[in-house]
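Here is a short briefing on one protein structure.

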Amino acid sequence: MDIIRLGELQESGNPLSPGKQYAEGPITVGDTPAFGGMEFFKLNENMYISTQVWLPQITWRQLERQGFNSGVVVKIDGQHYLCRLPYVGVSGGDPNDWDDLLGKLNKQEQKIANHQRLFFWGIETAKTGSDSSWNNRVIRGGDDIKARGPRPVNFSNHRLGFRPVLNRLLPEPELSSIQGHNVSVFGPCGTYVAGQLICTSDYDIVLRPITAVPGAWNGWSRKDGNEVIIERGNVKYVKEEK
């Protein structure tokens with residue numbers, strides 16, 4: 001499988017190395033540097049899974065607060081991506097990103113994927129016994145690349161971190177050509193507002209909202225009667241909903 005070098009993971013604006021422990025700063029993704037940066041398995045034309053685990057010591061809750069559970073829109077070398085946690089499967093047989101990748105890797109490539117022997121967080125809520133607990137999430141990896149288990153969302157360990165997934169996004173539409181259409185407008189930390197595009201200016205986007213995720217009103221957009229006004233400087237990406 002192809003391995004590509006793409007982007008640079010940063011904490012508080014500083015480039016990270018895979019073994020550097022999380023220091024509780026803001027996580028961002030920058031352009032691909034001349035040397036170093038992140039490497040990904042190219043699962044297909046639109047999806048990439050990191051060959052390494054980053055930010056050991058980070059908790060699932062800390063990743064969630066920065067939007068990586070649902071996905072954060074990032075721009076790398078002029079192209080938009082959704083950067084997120086991987087789907088890892090609640091139990092064996094569940095369709096998921098990680099097992100899909102493992103099924104396509106040869107033995108040497110699997111050694112590359114697990115050479116750190118670190119665990120990493122998945123998106124899914126873990127099932128313990130006959131119950132699912134909102135306080136536990138599924139982790140994968142460690143000494144056995146196929147292993148899975150539950151951990152509390154606030155659990156922190158030097159062998160547990162973040163394995164980024166990138167989903168390639170379509171080019172942004174020309175907003176003046178899609179007024180009246182339904183769109184999703186993505187802001188900071190994985191937040192977004194979806195609705196009908198009413199009008200745009202050099203400074204604002206106006207929607208008649210259909211839905212919004214928690215945090216959408218935290219400074220980057222505001223309600224005005226039945227409409228939402230979004231400052232364009234806070235917009236990370238606009239997607240037309242077909």
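**Briefing**

F186 and Y237 are both buried. This model is predicted. The rings of these two residues have centres 6.1 Å apart and planes at 45°, so the pair is tilted.

**Aromatic pairs**

- The structure has 5 aromatic pairs by the ring-centre rule.
- F186 sits in strand 14 (residues 182-186) and Y237 in strand 19 (residues 237-240), so their pair ties together parts 51 residues apart in sequence.
- Y192 joins in: ring pairs link F186, Y192 and Y237 into a cluster.
- W98 and F120 make an edge-to-face pair, with 4.8 Å between centres and 75° between planes.
- This pair links distant parts of the chain, 22 residues apart: W98 belongs to helix 2 (residues 97-102) and F120 to strand 9.
- W98 has a relative accessible area of 1%, under the 20% cut-off, so W98 counts as buried.
- F120 is buried as well, at 0%.

**Nonpolar cores**

- The largest nonpolar core holds 28 residues, and L55 and L166 have the most contacts inside it.
- Two or more residues each come from strand 4 (27-30), helix 1 (60-65), strand 7 (72-76), strand 8 (79-84) and strand 9 (119-128).
- Strand 7 contributes the most, with 3 residues.
- A second, separate core has 17 residues, including V88, L101, L102 and V138.
- Beyond its neighbours within four places in sequence, L55 contacts L9, E11, L16, P18, K20, Y22, I27, L160, G161 and F162.

- Six strands form an open sheet in the order 1-5-6-13-8-7, with antiparallel pairing.
- Strand 1 (3-5) and strand 7 are the edge strands, each pairing on one side only.
- Neighbouring strands are turned by 35° against each other on average, direction ignored.
- Strand 8 and strand 13 (residues 165-168) run antiparallel and are joined by 4 bridges.
- Y81 stands opposite R168 of strand 13.

**Cysteines**

- The whole structure contains 0 disulfides.
- C189 is in none: the nearest cysteine sulfur belongs to C83 and is 12 Å away. A disulfide needs sulfur atoms within 2.5 Å.
- C189 has 43% relative accessibility, so C189 counts as partly exposed.
- C199 is partly exposed too, with a relative accessible area of 33%.

Technical notes: Residues are numbered from 1 along each chain as its sequence is written. This is a predicted model: local features need pLDDT of at least 70, side-chain atom pairs count only at pLDDT 80 or more; totals for chains, interfaces and linings use all residues. Side-chain values use heavy atoms; hydrogens and water are left out. A nonpolar core is a set of buried Ala, Val, Leu, Ile, Met, Phe, Trp, Tyr and Cys residues joined through side-chain atoms within 4.5 Å. Buried means under 20% relative accessible area, exposed over 50%, partly exposed in between (1.4 Å probe, protein chains only). Contact means heavy atoms within 4.5 Å. Two strands pair if DSSP finds at least two bridges between them. Axes are lines fitted to C-alpha atoms, for helices over the stretch in contact, and angles run from 0 to 180 degrees between N-to-C directions. Rings of Phe, Tyr and Trp (its six-membered ring) pair if their centres lie within 6.5 Å; planes under 30 degrees apart count as stacked, over 60 as edge-to-face and the rest as tilted.
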